[in-house]
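Good morning, and thank you for the time.

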Amino acid sequence: MKSLPTLLGGIEAGGTKFNCALGVAPDQILERASFATTTPADTLEAVHRFFQHAQTRHGTLSALGIACFGPVDLDPSSPTYGFITNTPKAHWSNTDILGGLTDRLGVPAAFDTDVNGSALGEGTLGAARGLDDYLYVTIGTGIGAGVVANGRPIKGAMHPEVGHLLVPRDAERDPFPGACPFHGDCIEGLAAGPALEKRWGQKAETFSPDHPAWELQAEYLATLCWNLTVTYSPQRIILGGGVMGQAHLFPRIHEHFQRIRQGYPCGRAASTAHTYIVPPGLAGRSGEAGALLMARAALPASHTASAAM
Ligand code: ADP
Ligand code: ZN
């Protein structure tokens, strides 16, 4: 008798929306849905209901992968493991994401940062396939990076928070003091979606390609890529997130990156900017794919043979 396929759940928990998927594999999604990130009670309830209803149609879920915006607690021995800790996002500080979802769904779950989830998706199926050293950077509601070194995401004492790197700002050219509640003009305070909206008075998705915002944005992001290059020495940097929906940013970032590099030798990969700083290979699906791969890794041993992808 043919056994039923193992069902996996993936949640890409972002500061704007929670994307949920139920599937057999990253390329075999049976159902997906998206819910606004409002309050923990409402959003987690909506996610829970989605999986409950989806299970009545497709069968019982075997494991969950949660790739979550942060900062988050990734230490399994900590009493707040699986929590969003101290976030500037209203209502979400000290929220038990992992427990809030697994208590009710009753399945084993893997928990990681949103960007580590996307990095896993891109490393397995997207623009970083075959690479051991790469970064997935999101430029969306915030800026953050999943840093993969020697084939593993760097965790450190907490997890890297590259969005709060400081970058030079010419106050005459850019008088905007930045939007980060902690630092003002860190890279997230200067170049994440909300910073663009605050500086220019309209949402970034409404700017035309020749808006002056973009040249400044490309310079800031090229500076970020340079700092990441000399810190982590990756083979590739993937730039994703809502703001990078502006594809015209890439050639501008490449140009500024080469200007900043000044011919400095930082390896063959970084010397050809257009193959080094790239968009995601999974266009908008990196996080979903990563979350499902995380779920697969969380499966009990009895399931892993039938869930091979
Ligand atoms: P999240 O960070 O919640 O995962 P996104 O990556 O979609 O969500 O980022 C949302 C931010 O990106 C918002 O600040 C929005 O204004 C901005 N954004 C979304 N789409 C675009 C676009 N096409 N061009 C520029 N900015 C965008
Ligand atoms: Zn900051």
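Leaving aside neighbours within four places in sequence, with which residues is phenylalanine 111 in contact? Before the reply, some conventions. This is a predicted model, in which local features need pLDDT of at least 70 and side-chain atom pairs count only at pLDDT 80 or more, whereas totals for chains, interfaces and linings use all residues. Residues are numbered from 1 along each chain as its sequence is written, chains are lettered from A and ligands numbered from 1 in the order in which they are written, and side-chain values use heavy atoms, with hydrogens and water left out.

Taking contact as heavy atoms within 4.5 Å, phenylalanine 111 touches Ile66, Cys68, Val72, Asp73, Leu74, Tyr81, Gly82, Phe83, Ile97, Leu98 and Met294. Phenylalanine 111 is buried at 7% relative accessibility, and tyrosine 81 is partly exposed at 24%; buried means under 20% relative accessible area, exposed over 50%, and partly exposed in between, with a 1.4 Å probe and protein chains only.

I turn to the rings. Nine aromatic pairs are present, a pair requiring ring centres within 6.5 Å for Phe, Tyr and Trp (its six-membered ring), with planes under 30 degrees apart stacked, over 60 edge-to-face and the rest tilted. The centres of tyrosine 81 and phenylalanine 111 are 6.2 Å apart with planes at 80°, so this pair is edge-to-face. Elsewhere, ring pairs join Trp226, Phe257, Tyr264 and Tyr276 into a cluster.
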